[in-house]
Amino acid sequence: MGGRILDFDTLGQLGDRLKGQLDFLDSHAILEMLEPRSRRLISGIEVLQETDSTNAYLMRQGALGRSGGQVCLAEMQTAGRGRRGKHWVSPFGANLYMSLLWRFERQPAAIGRLSLVSALAVADALTALGAQGIGLKWPNDIFWQSRKLGGILLESACGATGGDYVVIGIGVNVRMPESAGKSINQPWADLDAVLQGKAPSRNVLAVALLNAIVPAIESAGHEGVMHLQELWRRYDFTCGEIVELQTESGRQRGKALGVDNEGRLLLDVAGCQQAFTCGEVSL
Ligand code: BTN
């Protein structure tokens, strides 16, 4: 008797994780808890212990002809992808890394609009879980008190063999270990802090996100998106602020005016309203 069996401090990241509750992803539990509409639209849920990136995984599956509605979650990503080629910090068992492969019968007119629709669904789901003060930064950054809580990476392909498909990847910080958090190069938050230590299990979070995002993406393909401008305003924390937009053709500085119904960012640049389809906004 007597010797220390587990020394959390010397176990590093794993120790950080073990100090919290163990909460493994479970595809059956997720499937069971889904609302009937989402369940009907999902063709399968796969949980991987480790992958390079759940987005990269489903992009490969899409090219091989995998059907739409496939969901992939991973306990850990070794090459998690963020927007604009950035790395997404993805330690084991700590956060939610989830992607959805979707095929459209009729490709929606503006694929960029799907980014905003997905972000709105995530914001609605987090708010319904009790997270107050969720903010969105165009096109799909999820913030809480000016700190990054999550993000969405939408990738699309027009494969000769696989047809047209998109992969929507969602990353939400849930219980980010301090050690991993040190490698994030911007202020960040995790859901556990937002909910004062009461973040739900990642399975429950996955269900909440899927119940919001799957029907939203489905309707976006069929009916288009009504009132995007109005829906976005509820979470838009840059509206009225002076922002800088980095695009491929250079930098623009202007006052953010929200988005239009196409999902384009509206900026007042020297008294003239301009609409942008892509770029990176900073405050
Ligand atoms: C961003 O830069 O804000 C987008 C981050 C998206 C991260 C998620 S985690 C699940 C999926 N797989 C990835 O490699 N990226 C997305």
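Reply: A pocket, as the word is used here, is an open set of points on a 1 Å grid over the protein atoms alone, with protein on both sides within 12 Å along at least five of seven lines, and a molecule sits in such a pocket if more than half of its atoms lie within 2 Å of its grid points. In this predicted model, the space that the ligand takes up is the largest pocket.

The ligand has 20 residues around it, and those that come nearest are S53, Q77, R81, R83 and K148. Three of these residues can be described at the level of atoms. Q77 places a polar side-chain atom 2.9 Å from a nitrogen atom of the ligand, whereas R83 uses its backbone, a polar atom of which is 2.7 Å from a ligand oxygen. K148, in turn, brings a polar side-chain atom to 2.6 Å from an oxygen atom of the ligand. Of the 420 Å² that the ligand exposes when taken alone, the protein buries 98%.

As for the elements that build the shell, at least two residues each come from helix α4 (54-63) and from the strands β3 (96-102), β6 (147-159) and β7 (163-172), with β6 giving the largest share, four residues. Sorted by class, the shell around the ligand is made up of ten polar, six nonpolar and four charged residues.

Terms used:
Residues numbered from 1 in each chain as written. Predicted model: local features only at pLDDT ≥ 70, side-chain atom pairs only at ≥ 80, totals over all residues. Heavy atoms only, no water. Near = heavy atom within 4 Å. Polar contact = N/O pair within 3.5 Å; in protein donor to acceptor, adjacent residues only side chain to side chain. Areas by Shrake-Rupley, 256 points an atom, 1.4 Å probe, with all protein chains shown as cover. 1 Å grid on protein atoms, 1.4 Å probe; cavity = no way out; pocket = protein on both sides within 12 Å on 5 of 7 lines; lining within 4 Å. Nonpolar A, V, L, I, M, F, W, Y, C, P; charged D, E, K, R; others polar.
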